Amino acid sequence: MTTVFVPIDSAARSVGADEVAEAIRRAAEAHGVPVTVVRNGSRGMLWLEPLVEVQTDRGRLAYGPVSVEDVEDLVRAGLFAGADHRLYLGPTEEIPWLARQSRYTFELVGVLDPLSPEDYEAHGGLSGLRAALTMAPETIVETVTESGLRGRGGAGFPTGIKWETVRTTPTEDVKFVCVNADEGDSGTFADRMLMEGSPFSLIEGIIIAGLATGATEGFVYVRSEYPDAIATMRTAIEVAYLRGWLGSNILGSPHRFELSVRVGAGSYICGEETAMLESLEGRRGMVRAKPPLPAHSGLFDRPTVINNVLTLASVPRIIADGPARYQSFGVGRSRGTQVFQIGGNVAHGGIVELPFGVTLSTLVNDFGGGTRSGRSVRAAQVGGPLGAYLPSAAFDVPIDYESFAAIDAMVGHGGVVVFDETVDMARQARFAMEFCAEESCGKCTPCRLGAVRGVEVIDRIIAGDQREANLELLEDLCEVMVSGSLCAMGSLTPMPVRSALHHFRDDFHRSPVVGVSDAGGQGTS
């Protein structure tokens with residue numbers, strides 16, 4: 001029996017993976033070849049999707065991108081035996097894009113059947129949970145702290161410190177673990193890919209967080225725009241209950257943990273942890289004032305762990321292998337790996353997981369292959385729509401929390417959006433303010449009104465109306481938003497605006513041009 005892998009990831013399905021999988025089944029039957037088609041996660045080489053892999057004596061061999069029209073020709077050429085073909089890419093693990101990465105969090109994504117518990121355990125799954133069940137809660141927390149793991153949602157807060165705060169906060173009844181899967185940053189898709197490609201990794205990490213902190217109930221908060229991830233997570237949770245990984249007496253132990261999925265309406269502000277809690281409690285997603293911190297008084301006023309998908313999915317290996325291996329990756333206080341998501345106007349978009357310290361030049365020019373348009377790279381925005389626009393001259397700065405903070409930028413969730421030389425950075429600055437105006441929860445005045453005024457001021461600058469006076473006003477407005485906003489939505493919106501002003505000042509002094517597109521050279525890849 002030959003095993004063929006065709007991704008079930010949303011990105012692959014959007015370009016015909018379902019049809020390719022069915023065509024392979026039909027062709028195998030027609031040629032009398034016994035074949036099992038496994039729907040795996042995506043390897044992250046999105047320009048090669050649908051990527052088809054065949055298990056052979058030489059390992060898994062890759063072909064791509066494969067269309068329905070290619071299938072019959074592939075089968076006749078000897079697809080099921082791993083024969084050469086114009087779409088042949090060689091052994092999957094030896095494709096340079098993958099071979100040069102350090103897959104840690106994404107180690108199993110694209111490798112296994114996402115909903116097969118047997119496949120998950122065969123690849124080392126549950127090793128971390130089994131180890132955690134033999135450890136005292138404080139020992140689990142110490143292990144995570146020693147690894148140097150920091151929040152991958154964007155803030156970079158040390159995970160061990162957060163867990164220790166929840167662990168030592170008393171409560172009369174229940175503590176919670178809330179997973180922030182409200183992945184709303186432009187150019188980011190790692191949370192979705194992991195939930196669709198290796199959901200048990202996330203579930204295992206959640207349970208370990210519960211063991212470490214004394215939490216017994218958890219929720220995965222996913223935006224409604226991720227229907228496949230929602231369905232996969234719900235099915236995986238059902239499987240986990242049936243296997244005794246969730247519920248009472250986890251793996252025969254006295255421990256209990258209950259887990260379910262909650263779907264948000266898709267509000268960007270619900271990526272902010274307290275707005276997410278408001279939504280989970282059935283109210284409009286609006287930011288809460290701090291203190292109290294969620295670790296002390298979070299969901300339903302109980303101590304709550306809030307972590308991102310990638311943070312929790314990294315935990316099982318840290319517990320199973322010990323903290324030293326994770327600590328061996330990275331630089332300075334930025335330990336471990338970062339899952340970078342490369343998009344925008346780039347030739348090869350997708351997932352690249354590497355240790356902190358890699359440069360934008362390596363990501364954009366080497367892995368990304370430069371722009372899709374073939375023009376020169378002018379800028380990249382790192383860290384989502386509130387991240388800084390960095391010029392190509394800054395691409396050699398190491399990507400880590402401290403180095404990026406030193407140049408008034410942020411790593412965020414690891415999204416990298418590429419722009420070519422045609423981009424108008426004044427219009428990109430306007431986009432940042434407009435985005436904030438659209439997505440602000442409206443609770444605080446600097447964010448609610450500041451972004452609206454920001455759009456108006458930038459419009460006057462672009463139109464050539466009292467430019468110097470309005471540029472000065474824009475700087476003042478940014479200062480007010482940074483200093484006075486209640487949460488990062490308002491206080492970070494000035495980051496892309498100020499970076500555009502600092503690095504691309506000439507764009508704010510161009511002669512007004514009527515009818516210019518706002519596309520900004522971003523492309524569609």
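Colleague: How do the residues of the lining of the largest cavity divide into nonpolar, polar and charged?
Modeller: This is a predicted model, in which local features need pLDDT of at least 70 and side-chain atom pairs pLDDT 80 or more, while totals for chains, interfaces and linings use all residues. Residues are numbered from 1 along each chain as its sequence is written, and side-chain values use heavy atoms, leaving out hydrogens and water. Ala, Val, Leu, Ile, Met, Phe, Trp, Tyr, Cys and Pro count as nonpolar, Asp, Glu, Lys and Arg as charged, and the others, Gly among them, as polar. For the largest cavity, that gives 8 nonpolar, 2 polar and 2 charged.

Colleague: What volume does the largest cavity have?
Modeller: A cavity is a set of points on a 1 Å grid over the protein atoms alone where a 1.4 Å probe fits but cannot get out, and lining residues have an atom within 4 Å of a point. The lining here includes Ile269, Val287, Lys443, Arg448 and Met489. The count comes to 1 cavity of 30 Å³ or more. Its volume, the space filled by probe spheres set on grid points joined across faces, edges and corners, is about 60 Å³.

Colleague: Which element gives the most to the lining of the largest pocket?
Modeller: A pocket is an open set of points with protein on both sides within 12 Å along at least five of seven lines. The largest pocket has about 1,200 Å³, and Gly154, Ala155, Gly271, Glu272 and Glu273 are the closest to its centre among 47 lining residues. Helices (H or I, at least four residues) and strands (E, at least two) are DSSP runs numbered from the N terminus. With 4 residues, the most is given by β9.

Colleague: Which helix gives the most to the lining of the second largest pocket?
Modeller: The second largest pocket holds about 280 Å³. Of its 14 lining residues, the closest to the centre include Met495, Arg498 and Ser499. The most, 6 residues, comes from residues 494-503, helix α22.

Colleague: How are α7 and α10 oriented to each other?
Modeller: Pro137, Ile140 and Val141 in α7 meet Ile208, Leu211 and Ala212 in α10 (heavy atoms within 4.5 Å). The axes, lines fitted to C-alpha atoms over the stretch in contact, have angles from 0 to 180 degrees between N-to-C directions, and these two come within 7 Å and cross at roughly 120 degrees. Under 35 degrees is roughly parallel, over 145 roughly antiparallel, 65 to 115 roughly perpendicular and the rest oblique. The two helices are therefore oblique.
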